[in-house]
Structures are given as C-alpha cells and as structure tokens.
Amino acid sequence: MRKSRIGADDKPMRFEDERFLMCHQCSQCSGVCPSERQGGINPREIVMRYAAGIADPSDGVLWLCTMCHSCAERCQLDVRPAELISMLRQEGAEKGSCPRSFQEEAKLFMRTGLSFPSTGLTKKIRKEMGLPELVQDARTVEDIALIASKTRLGRVRLE
Ligand code: SF4
Ligand code: SF4
C-alpha cells in the first residue's frame with residue numbers, strides 16, 4: 001500500500017497538511033456526507049488515515065465522493081476533507097488508479113470539450129428549452145486539449 005503521510009521524509013509538509021492535523025475527529029463532516037449515508041466514503045476516516053500515515057491514494061473508495069463539499073462547509077475547524085480527497089485522488093490517478101468510468105469521462109472531455117456525450121435527447125431538451133443547437137467549434141476543442149495537457153488532468157494516467 002502506498003503511504004501518504006504528513007511530514008514523511010519524501011514528502012515535505014504542505015500548508016494544507018497543517019489544516020488536516022487540526023481535525024479533532026468530531027465526525028460532523030461524516031454526518032452530512034451523502035456518500036457516507038449510502039455506505040460510501042467517510043471523510044472523517046480519510047482525514048484520520050492521512051494524519052496517521054495510512055491513507056492509500058489507490059483506494060477505490062476515494063472515487064465514491066461526490067465532491068459536494070458539504071463536509072468542508074460543516075467543519076468548524078476549516079479542515080476541508082474534500083480537498084484532501086481530491087489531492088489523494090490526483091495522486092492515485094497519476095499512478096493509474098483512476099476508475100475506468102472517470103477515465104472515459106476525461107478522454108471525452110479532452111476530445112470534445114464535453115464531459116457527457118451530446119445525444120439526441122440532449123438536442124431535444126435544448127430545443128424544448130429554447131436553447132441554440134450545440135456547436136463544437138474545432139478551435140475550442142483544440143484549446144481544451146492544450147489546456148488539459150498543461151494541467152494536472154494531463155498527468156492522469158489513461159488506458
Ligand atoms: S474534518 Fe472537521 S468536521 Fe470532520 S471530523 Fe475533522 S474536525 Fe470534525
Ligand atoms: S465532498 Fe465527498 S466526502 Fe465531502 S460530504 Fe461530499 S461526498 Fe462526502
């Protein structure tokens with residue numbers, strides 16, 4: 001298991017790490033987490049594991065977070081578990097543990113500028129709502145691919 005630990009020799013302490021250390025395990029974040037309610041991720045536990053040096057960036061449970069940030073809003077100490085989850089996901093994704101469904105989404109985004117395919121239903125709903133037809137401009141798509149390649153999204157290992 002790849003260890004992610006505050007103050008580990010190969011990992012200089014970051015500004016965010018001091019925030020994660022402030023967690024006093026009150027569990028208020030877990031109480032409002034929609035994923036935890038369905039047996040998914042437990043934000044309090046993730047913070048605890050990280051501080052203890054046993055957080056695993058390749059743990060599939062990290063991808064069960066909806067990134068709603070309710071945990072961050074609820075935490076009175078401003079620990080922001082969602083940011084830690086996001087950081088661990090990135091670390092794992094760069095080493096190849098991004099789930100296939102997220103990889104497909106990333107590839108589609110870099111190829112078309114859309115995270116979800118535009119289907120016949122999309123077109124129908126846009127028409128009903130009086131919205132213009134979606135036009136995928138080649139230049140915009142090129143720019144998106146260039147921007148993605150220069151951000152952390154470009155570092156995600158895709159199969
Ligand atoms: S992250 Fe905040 S809300 Fe969650 S257990 Fe720690 S102190 Fe409590
Ligand atoms: S951001 Fe993730 S961990 Fe935080 S409350 Fe939402 S689903 Fe739960």
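This briefing walks through the fold, the core, the aromatic pairs, the ligand shell and a few individual residues of the structure above. The model is predicted, so please read every value below as computed from that model. The protein has 9 helices and 0 strands, and 31% of its 159 residues count as buried.

**Overall fold**

- Followed along the sequence, the pattern of elements is α-α-α-α-α-α-α-α-α.
- Among contacts with a separation of 6 or more, 67% are between residues 24 or more positions apart.
- A search for disulfides finds 0 of them in the structure.

**The largest nonpolar core**

- The largest nonpolar core has 19 residues, and the ones that touch the most other members are Phe 20, Ile 41, Ile 46, Tyr 50, Leu 62, Leu 84 and Leu 88.
- Helices H4 and H6 each supply at least two residues of this core.
- As general background, nonpolar side chains in soluble globular proteins tend to be buried together.

**Phe 20 and its surroundings**

- Phe 20 sits in helix H1, and its relative accessibility of 1% is under the 20% limit, so Phe 20 counts as buried.
- Although Phe 20 and Ala 51 are 31 residues apart along the chain, their C-alpha atoms are separated by 7.0 Å.
- Phe 20 also takes part in one of the aromatic pairs described next.

**Aromatic pairs**

- How many aromatic pairs does the structure hold? There are 2.
- One of them joins Phe 20 and Tyr 50 in an edge-to-face arrangement, with 5.7 Å centre to centre and 85° between the planes.
- Because Phe 20 belongs to helix H1 (residues 15–21) and Tyr 50 to helix H4 (residues 43–52), this pair ties together parts that are 30 residues apart in sequence.
- Phe 20 and Tyr 50 are both buried.
- Trp 63 and Phe 102 make a tilted pair, at 4.9 Å centre to centre and 55° between the planes.
- This pair, too, links distant parts of the chain: Trp 63 is in the loop between H4 and helix H5 (70–74), Phe 102 is in helix H7 (residues 100–112), and the two are 39 residues apart.
- Are Trp 63 and Phe 102 buried or partly exposed? Trp 63 has 13% relative accessibility, under the 20% limit, so Trp 63 counts as buried.
- Phe 102, at 29% relative accessibility, falls between the 20% and 50% limits and therefore counts as partly exposed.

**Around ligand 1**

- The residues around ligand 1 are Cys 23, His 24, Gln 25, Cys 26, Ser 27, Gln 28, Cys 29, Arg 44, Cys 75, Leu 77, Val 79 and Pro 81.
- By type, this shell divides into 7 nonpolar residues, 4 polar and 1 charged.
- Ser 27, one of the residues around ligand 1, comes up again under backbone angles.

**Backbone angles worth a look**

- Most residues other than glycine have a negative phi.
- Ser 27 has a positive phi of about 75°, although it is not a glycine.
- Ser 27 lies in the loop between H1 and helix H2 (28–32), and with a relative accessible area of 30% Ser 27 is partly exposed.
- Asp 78 is another residue that is not a glycine and has a positive phi, here of about 60°.
- The loop between H5 and H6 holds Asp 78, which is partly exposed with a relative accessible area of 36%.

**Other buried residues**

- Gln 90 is placed in helix H6 (residues 81–93), and at 14% relative accessibility Gln 90 counts as buried.
- Which residues does Gln 90 contact, leaving aside its neighbours within four places in sequence? Those partners are Arg 152 and Val 156.
- Cys 71 counts as buried at 8% relative accessibility.
- Cys 98 is buried as well, with a relative accessible area of 9%.

Definitions and conventions: Residues are numbered from 1 along each chain as its sequence is written. Chains are lettered from A and ligands numbered from 1 in the order in which they are written. This is a predicted model: local features need pLDDT of at least 70, side-chain atom pairs count only at pLDDT 80 or more; totals for chains, interfaces and linings use all residues. Side-chain values use heavy atoms; hydrogens and water are left out. Rings of Phe, Tyr and Trp (its six-membered ring) pair if their centres lie within 6.5 Å; planes under 30 degrees apart count as stacked, over 60 as edge-to-face and the rest as tilted. Helices (H or I, at least four residues) and strands (E, at least two) are DSSP runs, numbered from the N terminus. Buried means under 20% relative accessible area, exposed over 50%, partly exposed in between (1.4 Å probe, protein chains only). A residue is near a molecule or strand if one of its heavy atoms lies within 4 Å of it. Ala, Val, Leu, Ile, Met, Phe, Trp, Tyr, Cys and Pro count as nonpolar, Asp, Glu, Lys and Arg as charged, and the others, Gly among them, as polar. A disulfide is a pair of cysteine sulfur atoms within 2.5 Å. Contact means heavy atoms within 4.5 Å. A nonpolar core is a set of buried Ala, Val, Leu, Ile, Met, Phe, Trp, Tyr and Cys residues joined through side-chain atoms within 4.5 Å.
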